[in-house]
Amino acid sequence: MNDRGFFDPRFRGIALSATLAMAVAWTPAGALEDDASQPILIEADDVEVLEAQNTSIYVGNVQVDQGSMRLLGDHVTVYHRDDRRPRFMIALGSPASFKQLLDNNEGEVLAFAKRMEYDADKDELTLIEDALLIQGADRVASERIVYDRARAHFRAGGSGRVKITITPEEE
């Protein structure tokens with residue numbers, strides 16, 4: 001397809017393992033359990049793998065699909081540990097977006113921000129600048145939202161006010 005290395009057999013395993021790890025890492029609690037075991041597809045205009053720096057960079061119309069999960073961005077960088085598992089990831093876009101179906105037909109989780117960061121050690125997804133997190137009919141909008149997946153809670157704030165919409169369940 002292109003001569004930048006993505007389809008070069010030497011880099012295919014690194015790029016696919018980075019992408020798979022990224023997709024699994026960005027899966028919020030309550031997402032479809034089968035997604036993590038589904039095949040993964042990544043598309044980008046360019047990819048650069050910097051093996052010596054344990055970094056993979058995807059640029060231009062980046063799309064990552066795995067099961068019901070989809071991540072879209074203009075630029076995605078994955079910082080790996082020595083064993084190639086992701087340590088930290090950054091997705092940039094205007095905005096970058098994330099969506100995934102929830103278990104039990106509870107709708108989907110949507111996230112939008114100009115910058116998304118995932119810290120694997122803390123299991124936190126941080127949405128920065130024009131951040132919006134939507135789960136079902138509930139919404140949180142702020143300049144910064146930190147979603148702690150391990151504890152299933154979020155913090156929001158920064159400049160401006162936090163806006164939350166909570167929709168009661170129908171009886």
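This is a predicted model: local features need pLDDT of at least 70, side-chain atom pairs count only at pLDDT 80 or more; totals for chains, interfaces and linings use all residues.

Entry: I asked which residue of strand 3 is the bridge partner of leucine 50. The partner turned out to be threonine 55. Between strand 2 and strand 3 I found 4 residues, and the two strands form a hairpin. In that turn, asparagine 54 has a positive phi of about 55°.

**Entry: the other neighbour of strand 3.** I then looked at strand 4 (residues 69-80), which runs antiparallel to strand 3 and is joined to it by 10 bridges. One pair I noted is isoleucine 57 with its bridge partner in strand 4, threonine 77. Strand 3 and strand 4 form a hairpin too, with 2 residues between them. Here glycine 67 is the turn residue I wrote down, with a positive phi of about 60°.

**Entry: cover.** Is strand 3 mostly covered or mostly open? I found it mostly covered: of the 12 residues in strand 3 (residues 55-66), 9 are buried.

**Entry: the core.** Next I looked up the largest nonpolar core, which has 27 residues. Tyr58, Met116, Leu127 and Leu133 have the most contacts inside it. At least two residues of this core come from each of strand 2, strand 3, strand 4, strand 5 (86-101), strand 6 (108-119), strand 7 (124-135) and strand 8 (138-148). Strand 6 gives the most, with 5 residues.

Leaving aside residues up to four places away in sequence, leucine 127 touches several residues, among them Phe112, Met116, Leu133 and Ile145.

**Entry: a glycine in a loop.** Glycine 160 sits in the loop between strand 9 (153-157) and strand 10 (163-165). Is glycine 160 buried or exposed? Its relative accessible area is 60%, so I noted it as exposed, the cut-off being over 50%. I also checked glutamate 143, which is 17 residues from glycine 160 along the chain; their C-alpha atoms are separated by 7.2 Å.

Entry: The protein averages a pLDDT of 77, and 73% of the residues score at least 70. Where is confidence lowest, and where is it highest? Helix 1 (residues 9-25) is lowest, at a mean of 39, while strand 2 is highest, at 94. Over residues 1-29 the pLDDT stays under 50.

Conventions. Residues are numbered from 1 along each chain as its sequence is written. Side-chain values use heavy atoms; hydrogens and water are left out. Buried means under 20% relative accessible area, exposed over 50%, partly exposed in between (1.4 Å probe, protein chains only). Two strands pair if DSSP finds at least two bridges between them. A nonpolar core is a set of buried Ala, Val, Leu, Ile, Met, Phe, Trp, Tyr and Cys residues joined through side-chain atoms within 4.5 Å. Contact means heavy atoms within 4.5 Å. pLDDT is the predictor's confidence in each residue, from 0 to 100.
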